[in-house]
Amino acid sequence: MNDQIFDQQLQYYRTDLATHLKALQDISIAVGNKELTDWVSELRMRTTDPFMFVVVGEVKAGKSSFINALLSRDICKVAPDPCTDTVQQIVYGEKESTHVLNEHLKKITLPIDILKELAIVDTPGTNNVTIKEHQEITEHFIPHSDLIIFVFPCINPYQESAWKFLSYIHQEWHKKVIFILQQADLLAASPEGLNINLNNVVREAQKRGIDNPRTFCVSAKDELAGQTDKSGFHLIRAYIQENITGSNAVVLKLHNGVKTALHILEQLQKGLQTRQGQLEADQAFRLEVKQLLVQREQHSINEVDRVINYTLEGYHKVAKDLEQEMSEELGLFSLLGRTIKNLPLINKLSNTKSFNEWLEDFKNRLQKELTHVLQERLNSGIFDVAHNVQQMVAQIELKIQVTQKNPLINNDTVFTHIAEKRNGILGELKEYFNIFVKNDGKHMQPMTDNNPLWNIVAVLATGGGVTAVGGILATLSQGIWLDVTGGLVVALGLVVVGGGAQWSKHQVITEYNENIQRTSEELKRRIHEHLRPYIQNLKFDVDKHFLKFDAYLANEAKDIAQLTTQQQQTQQALEVLKNRLQNDYPNLALE
Ligand SMILES: Nc1nc2c(ncn2[C@@H]2O[C@H](COP(=O)(O)OP(=O)(O)OP(=O)(O)O)[C@@H](O)[C@H]2O)c(=O)[nH]1
Ligand SMILES: [Mg+2]
């Protein structure tokens, strides 16, 4: 290919990659993961950097000496003890200088021509366990590197930690790796030994998915001593010359940029799938809670109807018994004539009571017995309703617990902040419902006379409906007895001042029954009026506590859809670029 066209095309591809990396950066910003955003920004910045080698290997493998020999300069410190204690980036500069970027990272500039095309990173040994940050910084450079130079001491290329690190580099990041067996002079007298170790390196690399590992046996010592014919460095220089300089370096760098970006997009895709899975599970959970609320609401409404029937049944029974007594008493009274008003009256309770006394006593008993039956039946009914509500809450709490356990999204590295947010919202929900559940058992004691509803209230615990329930009996007893007893007094008055006794008795009983009926209707209306809204309030209250969770779900659905579209578009565009690079430069794959 003509050089000018070659350059133009490369320029075009570079711009193309820059556009896609910008899109990737936008995605990472939308994702909201700062680490990822910083990371993608760095990837963008580094696309115009020179080709970057990262030299890795165990402590004392001979990494720094390898770099010195390659650059024919004593740049990196070399020593028999663990020595390189920072990651060192060696780049081209007009003047020699060292910038300490932080305690773990140094930047060295050197006026050496080859550095215009190659930047080299020297790293502390992979098994230098004393400083954890070294490994982290080394790992940080891996994704931005274009070639990894793995250095083994030729006498012992078997250290486990080095091979583990290789798996990370190759399998995680699909980085191109070459293998250097350093200090070859030490096995100069035993070429078979060197060969055995070399074959083992090849085998170990193949085990980790590198089919045709590129290997070099070199001696930095020989190279630096001027024994360049046997140092092996001429082969490595030729390799670099052939593959990694000029336009080749640009193409390879482009390739690497595309591959790294695709790798990030793959991780994003996996994360988004996990997030979608989590969203679907959460939506199903929410639907279950909604259905449960509807079911339980219906159940509670039926329960209220049952409470009303049961309460009124008791009320009517007492009223009927008292009607019977009244009928008997009035019958007796009618036999004695109209002037009875001041005569002693013979009745079941007292042989000597006057009519007025009987009337007073009757009214009192009527009120007391009706109150008693109402209180007893209504209380136990409300207790059932409360129990029903509590069961519902316990069920919801259990569902929250199940949902909170082993969430899918917790293992995702890209969306940890989403996992945290979700956990927080579910935690709050659980805490709220826990208040109800904690009240189980202990608080469900029999109600006391002086505060019949308090225990119910305790069971029902927090929430707006409490006052409504607490007020039921108070409201019911207010005024309603006047309807019954007041009516009765009027009716009985008729007996005293009215016409014929039989007629008056009939009138009184009719009046009494009408009053009982009217009051019973009123009671029914009032119980309904108080209990129904309570149940509906409770549903509303439960739903209200899910508002944050609902907003989270709606947001998740929107974000996931949007990010998935962006992710797919960028991935497709990068795949196209990758294929075009492969088609246009088929011979440039590093072999
Ligand atoms: N015989 C021989 N010794 C070498 C050669 N290269 C390095 N060494 C010695 O091996 C020791 C370690 O070399 P370095 O280059 O410091 O090794 P390193 O991998 O950078 O070590 P750390 O930075 O401590 O991880 C030093 O004592 C070097 O003199 C070589 O080619 N031949
Ligand atoms: Mg070193």
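## Glu42 and helix α2

Glu42 is a residue of helix α2. In this predicted model, Glu42 has a relative accessible area of 15% and is buried, because buried means under 20%. Leaving aside residues up to four places away in sequence, Glu42 touches His140 and His144.

Helix α2 covers residues 34–46, which is 13 residues. At 1.5 Å a residue the helix should span 18 Å, and its end C-alpha atoms are 18 Å apart, so the two values agree. Besides Glu42, the buried residues of α2 are Leu36, Thr37, Trp39, Val40, Leu43 and Arg46. An α-helix has 3.6 residues a turn, so residues three or four places apart point the same way. At the start of α2, the backbone nitrogen of Glu35 lies within 3.1 Å of a side-chain oxygen of Asn33.

## The sheet

The model contains an open sheet of 8 strands with mixed pairing, in the order β3-β4-β2-β5-β1-β6-β7-β8. The edges are taken by β3 (97–102) and β8 (214–217); each has a single partner strand, so one side of each has no neighbour in the sheet. From one strand to the next, the twist averages 20°.

Thr98 has Ile108 of β4 as its bridge partner.

## Helix α3 on the sheet

Helix α3 (residues 63–71) packs on the sheet and touches β1 (51–57), β2 (87–92), β5 (118–122), β6 (147–153) and β7 (177–182). The direction of α3 makes about 155° with that of β5.

How many of the residues of α3 are buried? The count is 9 of the 9, so α3 is largely enclosed by the rest of the structure.

On one side, β7 runs parallel to β6, and 6 bridges join the two. Phe152 has Leu181 of β7 as its bridge partner. Together with helix α6 (residues 160–173), β6 and β7 make a right-handed β-α-β unit.

Strand β7 also pairs with β8 in the parallel sense, over 4 bridges. Here Phe179 stands opposite Thr215 of β8. The chain crosses from β7 through α7 to β8, and this β-α-β crossover is right-handed as well.

Most residues other than glycine have a negative phi, and most peptide bonds are trans. Ser72 is placed in the loop between α3 and β2.

Gln183 also has a positive phi, of about 65°, and is not a glycine. This residue is found in the loop between β7 and α7 (191–207). The relative accessibility of Gln183 is 21%, so Gln183 counts as partly exposed.

How values were computed
Residues numbered from 1 in each chain as written. Chains lettered and ligands numbered in written order. Predicted model: local features only at pLDDT ≥ 70, side-chain atom pairs only at ≥ 80, totals over all residues. Heavy atoms only, no water. Expected span 1.5 Å × (residues − 1). Buried < 20%, exposed > 50% of the residue type's maximum accessible area, 1.4 Å probe, protein only. Polar contact = N/O pair within 3.5 Å; in protein donor to acceptor, adjacent residues only side chain to side chain. Pairing = 2+ DSSP bridges. Axes fitted to C-alpha atoms, helices over the stretch in contact; angles between N-to-C directions. Contact = heavy atoms within 4.5 Å. Right-handed = clockwise from strand over helix to strand, strands pointing away.
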